[in-house]
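This briefing is meant for someone meeting the structure for the first time.

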Amino acid sequence: MAKPKQRSEAHLIDEGGEELLRSKLPSHWVVHNYRPDYGLDFSIEVFKSAENSLAESPVYETLGEHFFIQLKSMKAPKTKQFKIFSRENVEKSHENLNRADKIADIETYSFQLDTSELVTVERMGIAVPVLLVIADLPAQRCSFVCLNDYIDKILIPRFEDYRVTQSRTIHLPIDNEIGTAHGLIALRWYAKRPKLIAAFQRFTYQYSELQWAEQGNWRGLAEVFARKIANYDFWNDTEMWNIIEYNAAKLQRFIKTGQLGLVKELTIPEGVDELEMRDFWRKLEVFEFWKQLSLLPKYYEDICREWFLPTALGYLASAPNKN
């Protein structure tokens, strides 16, 4: 006799994990199911309260920001204490842990992830973050780690070739918890990544072009460049990286006054043409400003991509008890 359709416990666990994840995300964000599933389960679209939105009848607008989630729902997830040691910049060398300098012990979820899934994420590049999320059903907690960054900052520096085994152990800091203020900052930060990386490319282009115009109409070119980059909507919405807000203020000052205010009041030596000296310094500060913009991708690569990772720099810069 034919049996009716049945539901397995695995299906119930998966549904419970998805329900838990949705409950932890802001209700006005949109969770898009990503099908067919080749390692990516959801695409998350970030919204914010629209201007002039009324408290009694709120309206939300999309920021055009997205990130992916690979969800692993678990009835009995494995946790362990994970030792974090200091190390050098892994962008410049293989990982060399200084085991004489322990930074911290942190609690992590330990999860075995198929290498094929890691290779897929690596092939995507870093522009759109993919977060591995553990849905801990007994604890009613969702914790995450960014796989793009985990691959680049941990697996590749640590192993001769991380692809030679069928799976790799991924450690997710439990404190990277979705649904907390700390977790919300992290998710918003990752969602902005495509915008920031696109802006970095333009900053370096503009700085390079200004060098060619140094003996010509460099000011006119700088004014055109300033108006272009002023349109980015992340300038006043990326409070988790203070340097963005700092540069936003300088940019607006330049657009309004033609000056950046980087050079303080000048003492003009006797016998030096004051107008010529002031023009020289105003030009210098414009070029210095674009130079600083062009360095943002370096700081981002060296520092920011380790935020929220189980590494020394990640712990010291972004662990909730360190901020």
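Two strands are said to pair if DSSP finds at least two bridges between them. In this predicted model, strand E6 (residues 130-136) and strand E7 are joined by six bridges and run antiparallel. The points below start from that pair and then take up the other parts of the structure by topic.

**The hairpin of E6 and E7**

- Within the pairing of these two strands, isoleucine 134 has serine 143 in E7 standing opposite.
- Four residues lie between the strands of the hairpin of E6 and E7, where glutamine 140 takes a positive phi near 55°.
- Strand E7 (residues 141-146) is largely enclosed by the rest of the structure, because five of its six residues are buried.

**The open sheet of three strands**

- Three strands form an open sheet in the order E4-E5-E8, and their pairing is antiparallel.
- Strand E4 (79-86) and strand E8 (167-173) are the edge strands, each of them pairing on one side only, and the twist from one strand to the next averages 55°.
- Eight bridges connect E4 with strand E5 (residues 98-114) in the antiparallel sense; in this pairing phenylalanine 85 stands opposite lysine 102 in E5, and lysine 80 stands opposite threonine 108 in E5.
- On the other pairing, E5 and E8 are antiparallel over seven bridges, and the bridge partner of tyrosine 109 is leucine 172 in E8.

**Helices that pack on the sheet**

- Helix H2 (residues 115-124) packs on the sheet and touches E5 and E8, with a direction that makes about 105° with that of E5.
- Helix H3 (residues 147-158) also packs on the sheet by touching E5 and E8, and its direction makes about 110° with that of E8.
- Threonine 120 lies in helix H2 and counts as partly exposed, because its relative accessibility is 35%, a value that falls between the 20% limit for buried and the 50% limit for exposed.
- Although threonine 120 and glycine 39 are 81 residues apart along the chain, their C-alpha atoms are separated by 7.8 Å.

**Lysine 153 and its surroundings**

- Lysine 153 is part of helix H3, and this residue counts as buried because its relative accessibility is 1%.
- What polar contacts does the side chain of lysine 153 make with glutamate side chains? One of them, at 2.9 Å, is with the side chain of glutamate 91, and another, at 2.8 Å, is with the side chain of glutamate 301.
- When neighbours within four places in sequence are left aside, lysine 153 is in contact with Arg87, Val90, Glu91, Glu301, Arg305, Glu306 and Leu309.

**Serine 73**

- Serine 73 belongs to strand E3 (residues 60-74), and it is classed as buried because its relative accessible area is 16%, where the limit for buried is under 20%.
- Not counting residues up to four places away in sequence, serine 73 touches Ile13, Asp14, Gly17, Glu18 and Ala135.

**Nonpolar cores**

- The largest nonpolar core has 57 residues, of which Trp189, Phe203, Trp235 and Trp290 touch the most other members.
- Helix H8 (residues 274-302) supplies the largest share of this core, namely seven residues.
- Apart from this core lies another one, of 22 residues, which includes Val121, Ile151, Ile170 and Leu309.
- Phenylalanine 203 touches Ile229, Tyr232, Phe234, Trp235, Trp290, Leu293, Ser294 and Leu296, with residues up to four places away in sequence not counted.

**Cysteines**

- A disulfide is a covalent bond between the sulfur atoms of two cysteines.
- How many disulfides does a search of the whole structure find? The search finds zero.
- Cysteine 146 is in no disulfide, and the nearest cysteine sulfur, which belongs to cysteine 304, is 13 Å away, whereas a disulfide would need the two sulfur atoms to be within 2.5 Å.
- Cysteine 146 is buried, with a relative accessible area of 0%, and cysteine 304 likewise counts as buried, at 3% relative accessibility.

Definitions and conventions. Residues are numbered from 1 along each chain as its sequence is written. This is a predicted model: local features need pLDDT of at least 70, side-chain atom pairs count only at pLDDT 80 or more; totals for chains, interfaces and linings use all residues. Side-chain values use heavy atoms; hydrogens and water are left out. A nonpolar core is a set of buried Ala, Val, Leu, Ile, Met, Phe, Trp, Tyr and Cys residues joined through side-chain atoms within 4.5 Å. Buried means under 20% relative accessible area, exposed over 50%, partly exposed in between (1.4 Å probe, protein chains only). Contact means heavy atoms within 4.5 Å. Axes are lines fitted to C-alpha atoms, for helices over the stretch in contact, and angles run from 0 to 180 degrees between N-to-C directions. A polar contact is a pair of N or O atoms within 3.5 Å; within protein, one must be able to donate a hydrogen and the other to accept it, and residues adjacent in sequence count only if both atoms are side-chain atoms.
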